[in-house]
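I opened my notebook to look up a few places in this structure, one entry at a time. Each entry keeps to what I could look up there.

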Amino acid sequence: MLLQDHHLREKITHFDHERIPERVVHARGAGAHGTFTGYGTATKLSRAGFLKKNKQTPVFVRFSTVLGSRGSADTVRDTRGFATKFYTDEGTFDLVGNNIPVFFIQDAIKFPDVIHAGKPHPDREIPQAQSAHDTFWDFVSLHTEAQHHTIWNMSDRGIPRSYRTMEGFGVHTFRLVDDAGETVLVKFHWKPKLGVHSLVWEEAQLAAGVDPDFHRRDLYDAIEAGAYPEWELGVQVFPDTPEETFAGIDLLDPTKFVPEELAPVQPIGSMVLDRTPTNYHAEVEQVAFHLGHLVPGIDVTNDPLLQGRLFSYLDTQLTRLGGPNFHQIPINRPHAPVNDMLRDGMHQHAVHGGVAPYHPNSLDGGNPAEAGDADHAFADVPVTVTEAPKIRQSPASFDDHYSQVRLFWLSMTPVEQEHIISAYTFELAKCYQQAIKERQLLSLANVDPVLCRRVATGLGLPAPSPMIELPEVTPSPVLSQLGQTWPGD
Ligand code: HEM
């Protein structure tokens, strides 16, 4: 072999660089193309064109687990990602949600911490599904705002039957803006046509061994067979008041949901996934979702977790996808015309014409009398800031870490409660440190005495007494997965 064998060198050099970094979270995923059709019911709330009646918009959806690496099994107990890219006529709108309506933390600065606690222990690098669980339970028993998300993970929601049978939630509260500039606050919900279904734990474990690609295969095979999965998109609508609360619930607290009995989910469109990816790397691996991909008519709120996410996605993608031009990768390209004045940089694919990449300009056929960039770009809804020194102090409700956990627990059927007890018992038994199990039992005592006693018995430990007065809550039948069907059926 000689150095002059340049074909060999080029081929091997390219091969040497075939891998890109996997996502720091949600590394394991599967995706599909489809179409969103607006019902027109949201046009009185939002000026977004893709919500108009019968308007069809191409979409790409990526489903994922959170903690596992790219090659991990699909059916582990975990939260699932449900991220949708709408290629609208007004630019790209990304709805980057999960299959659980609440999140672990209230403040973005804790995100690296909760993920470090859930990823494999640094010494042995064995995923916690198979090994020590001490760091996860240490975190959630110390940062008790995480107890709500955790009980959803311990329920059947943590082991979905299929991506096709998952609900999706935007989690945060968003702001919709209509033609007249009037605003409402909303929470987004995806409801699966097939209903919500889960595996039982034994099935999940068997599937993880026998077919680690269980969910990826299910999605691909269903679409190839013409059994196109379908979801209805809906919103819970709340008045946009200065307090940003509804029925006493802080709408900026991502560890809380609003029960559907208090604010029904109003359908605004439906989505069908009918095309599998042509190339996994090009599409599923390179797709880049970002909460800042908004269209006129949909805006963010001051939820402190949401604000942190606005920074994180673009930042991580600069590394993961190698520089500032990843929006030019085919799966990320808007389908609407773009005139963003962004220029040059690594991996520039566009051959930009003209000499005046600024706005307004009097060259390149521009009109110097036109408004500047700020007036052309996406316009934020102005929010008045009155309180000093913080923009908005967290209300006392941010400190209530248990009432909705209790609401969730009491809403379950007896079968679902048995599954939750078994899951807590099994997972906590994997902790080496007894002090951590005892601390988590203290949290369970604040949720419900039966739940706490049953898990304590399973662990061979005494059941502690609650540290708080257990709140009065009204169970919500909607939260139980049993018997859920397609809206309108
Ligand atoms: C992916 C950060 C909270 C849903 C990611 C990624 C990062 C990240 C860095 C990888 C993105 C990429 O490489 O392209 C954060 C931070 C959070 C947060 C800092 C809190 C401060 C959430 C919440 C949700 C969520 C609350 C759900 C509502 C997702 C989904 C993905 C993802 C679905 C996968 C997107 C895909 O399929 O490519 N997140 N995240 N994240 N996150 Fe978050």
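**Entry 1: two helices in contact**

I looked up where helix 3 meets helix 12, and found D134, W137, D138 and S141 in helix 3 against I436, R439, Q440 and S443 in helix 12; two residues are in contact if their C-beta atoms, placed from the backbone, lie within 7 Å. By class, this contact of helix 3 with helix 12 holds two nonpolar, three polar and three charged residues, where Ala, Val, Leu, Ile, Met, Phe, Trp, Tyr, Cys and Pro count as nonpolar, Asp, Glu, Lys and Arg as charged, and the others, Gly among them, as polar. I note that this is a predicted model, in which local features need pLDDT of at least 70 and side-chain atom pairs count only at pLDDT 80 or more, while totals for chains, interfaces and linings use all residues. Residues are numbered from 1 along each chain as its sequence is written. Helices (H or I, at least four residues) and strands (E, at least two) are DSSP runs, numbered from the N terminus.

I then looked up the geometry: helix 3 (residues 134-142) and helix 12 pack at an angle of about 40 degrees, with their axes 9 Å apart. That angle is why I call helix 3 oblique to helix 12.

**Entry 2: helix 13**

Which residues of helix 13 are buried? I listed L451, C452, R454, V455 and A456 for this helix, which spans residues 449-459; buried is the word if 20 or more other C-beta atoms lie within 10 Å of a residue's own, with C-beta atoms placed from the backbone. What covers these buried residues of helix 13 includes helix 10 (403-411), helix 11 (414-428) and helix 12 (434-445). After helix 13 comes G460, with a positive phi near 70 degrees.

**Entry 3: R164**

I found R164 in the loop between helix 4 (147-154) and strand 5 (168-169). R164 counts as buried because it has 23 C-beta neighbours inside 10 Å. Leaving out residues up to four places away in sequence, R164 touches P192, L194, D218, L219, A222 and P229. The C-alpha atoms of R164 and K191 are separated by 9.9 Å, although the two are 27 residues apart along the chain.

**Entry 4: the shell around the ligand**

Which helix gives the most to the shell around the ligand? I found that helix 8 does, with eight residues. Strand 2 (56-65), strand 3 (80-88), strand 4 (91-98) and helix 8 (304-320) each supply at least two residues of this shell. The residues of the shell divide into 13 nonpolar, 10 polar and four charged.

Note on methods:
A residue is buried if 20 or more other C-beta atoms lie within 10 Å of its own, exposed if 12 or fewer, and partly exposed in between; C-beta atoms are placed from the backbone. Axes are lines fitted to C-alpha atoms, for helices over the stretch in contact, and angles run from 0 to 180 degrees between N-to-C directions. Angles under 35 degrees count as roughly parallel, over 145 as roughly antiparallel, 65 to 115 as roughly perpendicular and the rest as oblique.
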